[in-house]
Every structure is written in C-alpha cells, then in structure tokens.
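This briefing covers strand pairing and aromatic contacts in one structure. Please consult the sequence and the model shown here alongside the points that follow.

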Amino acid sequence: MRYAHSNFEAFVRPEKPAGIDTRSAWIVGGGLGGMAAAAFLIRDAGMTPSRITILEASDADGGALDGAGNAETGWLIRGGREMEEQFQCLWDLYRSIPSLEVPGASVLDEFYRLNRVDPSSSPVRAMCGCGQPLPDRNSLKLNGKARREIISLILTDEEKLDGRTISDVLSADFMKSNFWLFWRSMFAFETWHSAIEMKRYLARFVHQILGLKDLHTLKFTRFNQQESLSLPLATWLADQGVVFRHGVQVTNVRVDTAGVKKVATHIDWLENGTAGGTAVGARDLVFVTNGSMVENSRWGDHHTPAPIDATIAQGNVWQLWRNIAAQDPAFGQPDVFCGDTTKSRWESATVTTLDARIPALVHRVTGRDPFSGRTVTGGPITIADSAWLMSWVVSRQPHFKGQPKGQMVAWLYGLFSDVPGNYVKKPMQDCTGEEITREWLYHMGVPETEIDDMAATGAITHPCMMPFITAQFMPRAVGDRPKVVPDGSVNLAFLGQFAETPRDTVFTTEYSVRTAMEAVYTLLDIDRAVPEVFGSVYDVRMLVQAAAEMRDGKKIPAATLIHHLTGGTEVDTLLERYGLI
C-alpha cells in the first residue's frame, strides 16, 4: 500500500488481484468502516459480492451513523457528523454509491450540490446569559503564550507525548481562550484526553481554524446520517449481493501466531444466543472493527433518565478485542481505551417538538426559520456558561424523511454530565428528558415561569448515555492501537476508530473509511494508491492564514525582524495577502 499526493490515480480502475474469484471475506461490524471495506473489496479488488459476509451484532447497519424513532414517540439520534471537503477517502467511496434521493447521482453528487446551494454557517457560535450571544464570540482570545503552545504541540514528535494529556501540554492561558471553547465543543475534547490526539487534530485541521468562529468550513447531509449515508451504502451492498447477518456477536477471532506470519484461522460467535462460528482459510480475509464508541449506549425517555451501563461481557465488542489482543501484543491494548468510562462518557439528547413554541424560540435565537429547509445552526451552538457545557444543534429540517410538517428535531449534548445543572440542580446523567429540556430552555432565555410547562408539553426528549463515546481520545502510547494490518498479518486487518493509521484523526467518518481502504489495499496489494491525508499543515498559505486567524486579525508590526527578513520576497507578499502584516 502506498499514498498518493496527486489525482493521478484517483480515477484508476485497478486490475483484479490474482485468484480473487476464489477468496472470501468476513467483516466483523456493520458500521461505516465495515461497509466501506465491503465496497472497496467489490469496486477496487473485484471480489465476488456474495463471497463477502458482514457480521453485525445489532439489527441495524451503520454503527454510529444512526437515526431511528418516529413522530409520535420521538426521534432518536445519538450524535451528528461534522464533515468537510478534505475527507479524501470518504468522498472517494461515496462517488461510487448511488444516491437514494437524486436519480442518476451519487451520494457525493447529492452532498456536493446541497452544500453548494446551502453552505454551512453558524449565526451564533456561542451564547451565554440565558439566550444572549457570547459578546466576544468573534475573537479566539489566544494570547502569545497560548499561540506558542499550539505551535509547540504541533511540532512535537508523537513518541514524546506517550501517555500525556492535553492539560499536560497546554496551560491555563490556552484553556481560558475561546479557541478552546470552540474547539472542545466542536470535537468533544476534555482536558484529560490524549495529547497525541490533540496534536493530530491541530495538524490535521489547521484549515478548520479559519472556521472556528462561524463553522463555514463544515458540511452536512440533507437528513440524518442513517438515511443520508448509511442507508445508501447498505442498499448498494445488498443489491450487489453482499451477505448481511444481523444478531451475530463475534466473540473471538483465533489467530495462529506461532510462526513469523499471523494467520486468522477461526471466527467464534454467538448468533441469537447460540454459540457458533466458522473456519477461515489462509487465503480468506477477516476485517475486525475493534472497539466501539457507541457500545452500551442506553436510552432514557421524557420521564426516565438514561442508565449508565459500562458492563463488558462476552459478546461485547470490547471483550472481543480483549480476546483477540490476548493472543499477541501487536493486536493492541483495549483496556487503555475502555478501562475508565468516567473519562470517556458523556450524554446527548434528542428533542422532538410537539408545537410551535420551541421552533419559534430557535428562530428568535438564531434569526433563521427552522422550517426553511436550509441550514439552521450550521453545527453546534455552545452555551459558554452552562455547567454541563451544553451545546445544541438544529440541522436542516426535516431531519428525518418521515418527520411531519411543523415538527422540529434538535440534538443536545453535555460534555460535563456528572455535575449539577444551572437550572435543574442535578447532573445531566441523572436527568429525565423533560429535565434536560428544562435546562436547555433556561439557557435559551425562556422565562422561568414558562420553562416547566414548555418542557412538559412542548417536546418529547430522549436522553442517551454513551459510556465509551470518547474512548478513542483516552491517553495512549505507541502500540496501544493495533496497526490497520499488524506486522506479519496475512489475512487479518482492523478497522475503525481504534485501529492505527498515521496522521489522520479518530472520531471522524473519514477515519473509518480510510482504515477500510488501507486494510483492503494492503491485504490484497491493490494497484492503486490511498489518498494521502490532507496536508494543510504543510501548506505555507494555510499556515499563514491560520496564524492570522489565531491573532484575531492583529497584524505583526512592520518594524519586526520577520519583515526585515521577508521584505521584497514572495513570503512578504503572502504575509500581506493573508493579513499578518
């Protein structure tokens, strides 16, 4: 496998690998990574679709790309996905998947056209004071020390960050900035999360610094991710002949590690509670989604809190990874990520409105009609003075195809779910959907005399506790995540947020698809390069723009040393063009 630095190979149709017609593939996990692997096996490796089997424990496909419920009992979304045009592998996949909405178009065509006509932007990136825009929301508020810390972290070798946390490398000067407020609420970072992951995010998304204050660099689907991303892919795979087996909990993949090579030989599973499995030939392929952000997600309802369930038992995907990892150190260290759910969990909630009061409130706060069919919040609006550090999102409506006219769906989340709220004096994790709605309405500026009735009769809210939702951000060291294809492996690869590929960032749709592409291309030696991770951190133009943004437009005095060194050169022209001098 190799990386491409240009579009020379972007449209190449690779030759079929020798003997592919007699090979089979077993894919553990029907999330985006697993389905992407199946798609690349068909499109780029020429594998017979009926020889590909996806084993999925749940009754639905898509993993974290979810969306369910109904208009009567309330819609359900555990989260949303922020995307951008520089997700090279994701768009490489979806250029080949037919849209279910636009005849003759791909999912990429549909997505591109939508975001060209209705680009994302946030009217109020942050708020405070019960419904008021954050006064300094148009400033990142980074002082010189904080800016230097960011640059230092980007330049630090990952090996020197093993086991270190964000608070180990970034000081209080950084933490009190709007940059950190916007960044953490956009990406769900906590101070105790991995310094390595923070470094990767800063390097990978240098260009996103330009959109921190208004989120204009983000792009979103028309509907929820289940209907806009997961369903088209699953439909195409099924139409090709891929075998989906639901209700199958894989408990182990047995691997022969006695020699130099590592060969998967058997898959063990529980199918509807009955033990079973299959032998795997040396030429057959096994792809495993090891670990899961949404494992053990538990729902509450309008009158019931969501329970916290951190149990890891046989049939749980974390136990599967433990069983595989016990066979060889090259398969990673799962307990680094799943061992402390107090540091990897937070709670979200889906609000389904029942009348016009809450939609009118959203209209007042954002200045946008939520029923216009266009962008509303354009990403998260963060409540800066919320004890829960609550953010809320109203995506394009309807967010579900089955949503009736006049009904709005909002998504809320709190990164501090274990502390009492400002209005509801209870931790978010102990609150019913109705109580979470009260807290949100309080911060939206609803008079206290109206909050309780509006929360009780104006919406149905379902909270969702996710104990492993940021497990991928836990402090780690080299080797804690297994390589996509471990050294010596001939037929086993790992997929998703807990597999290791250089430079790219977890907690993204891109990471799931990239690991899938790398796994297929490596095991089958596909004669086509994987697109390189977008290199904005190596682009001097982007670095200059980001530097200007971090200075909030404050220019460097012309008399400084840098101007004397660059004056009269192309560098000086760049510095002036992008507002640094």
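A charge sits over a ring if NZ of Lys or CZ of Arg is within 6 Å of the ring centre and within 35 degrees of the ring normal. Arg222 lies over the face of Phe223, at 4.9 Å from the ring centre. The model is predicted, with local features needing pLDDT of at least 70 and side-chain atom pairs counting only at pLDDT 80 or more, while totals for chains, interfaces and linings use all residues. Residues are numbered from 1 along each chain as its sequence is written, and side-chain values use heavy atoms, leaving out hydrogens and water.

**Strands**

- Strands are DSSP runs of E with at least two residues, helices are runs of H or I with at least four, and both are numbered from the N terminus; two strands pair if DSSP finds at least two bridges between them.
- Strand β9 (residues 248-256) pairs with strand β10 (residues 263-271) in the antiparallel sense over eight bridges, and Gln249 has Leu270 in β10 as its bridge partner.
- Six residues separate β9 and β10 in their hairpin.
- β10 also pairs with strand β11 (residues 274-279), in the antiparallel sense over six bridges.
- In the hairpin of β10 and β11, two residues lie between the strands, and Asn272 in the turn has a positive phi of about 55 degrees.

**Aromatic rings**

- Rings of Phe, Tyr and Trp (its six-membered ring) pair if their centres lie within 6.5 Å; planes under 30 degrees apart count as stacked, over 60 as edge-to-face and the rest as tilted.
- The structure holds 26 aromatic pairs.
- The ring centres of Phe337 and Phe498 are 5.6 Å apart with planes at 70 degrees, so this pair is edge-to-face.
- Phe337 in helix α11 (residues 335-338) and Phe498 in the loop between β19 (492-495) and α15 (509-523) are 161 residues apart.
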